Amino acid sequence: MPTVFEEKIYLTLRKVPRDKVTTYGELARAVGTRAYRAVGNAMNKNPYAPAVPCHRVVCSDGRIGGFRSGVDKKISLLKKEGVQVKKGFVLDFEKKLFRF
DNA sequence: CTAATGACATTTG
DNA sequence: ACAAATGCCATTA
């Protein structure tokens, strides 16, 4: 069962547009915490998938990061939504990054 | 309750 | 500038 912390993360992540991405750090800040590490854990569980677009969450440096069912899957989804990815990196990261 | 873990981020060598 | 080490916070064993 999801904790309050996770719920907040999921709710916030839901606001991210289809052609944009966010980072674990930004996401954590958005909910008023610095637990970006814990955010990753929340994504790993993600009980509300695919309602919650956990694949739109990447590393702060533009790298794709990880994905429970394979990074390839994550990249594939992102590309399908208009986010180009190359060698595990998000193209135009600064532009694609969604700010709350 | 204490210890270990992780889909990260930042600071050091 | 790059790789390696250290720090972070909540969750789970």
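Helix 3 (36-45) contributes the most to the surface near DNA strand B in this predicted model, with seven residues, where near means that a heavy atom of the residue lies within 4 Å of the strand. Helices here are DSSP runs of H or I with at least four residues, strands are runs of E with at least two, and both are numbered from the N terminus. Because the model is predicted, local features need pLDDT of at least 70 and side-chain atom pairs count only at pLDDT 80 or more, while totals for chains, interfaces and linings use all residues. Residues are numbered from 1 along each chain as its sequence is written, chains are lettered from A and ligands numbered from 1 in the order in which they are written, and side-chain values use heavy atoms, with hydrogens and water left out.

Among the 17 residues around DNA strand B, those that come nearest are Arg 37, Met 43, Asn 44, Ser 60 and Gly 66. By class, this surface holds seven nonpolar, seven polar and three charged residues; Ala, Val, Leu, Ile, Met, Phe, Trp, Tyr, Cys and Pro count as nonpolar, Asp, Glu, Lys and Arg as charged, and the others, Gly among them, as polar.

A backbone N or O atom of Met 43 lies 2.8 Å from a base nitrogen of DNA strand B, and a polar side-chain atom of Tyr 24 is 3.1 Å from a base nitrogen.

Turning to the backbone, most residues other than glycine have a negative phi, and most peptide bonds are trans. The peptide bond from Ala 49 to Pro 50 is cis, with omega near 0°, and Pro 50 sits in the loop between helix 3 and strand 2 (57-58). Lys 87, in the loop between strand 3 (85-86) and strand 4 (89-90), has a positive phi near 50°. This lysine is exposed, at 75% relative accessible area (buried is under 20%, exposed over 50%, partly exposed in between; 1.4 Å probe, protein chains only). Asp 92 likewise has a positive phi, of about 55°, and is partly exposed at 48%.

Notes
A polar contact is a pair of N or O atoms within 3.5 Å; within protein, one must be able to donate a hydrogen and the other to accept it, and residues adjacent in sequence count only if both atoms are side-chain atoms.
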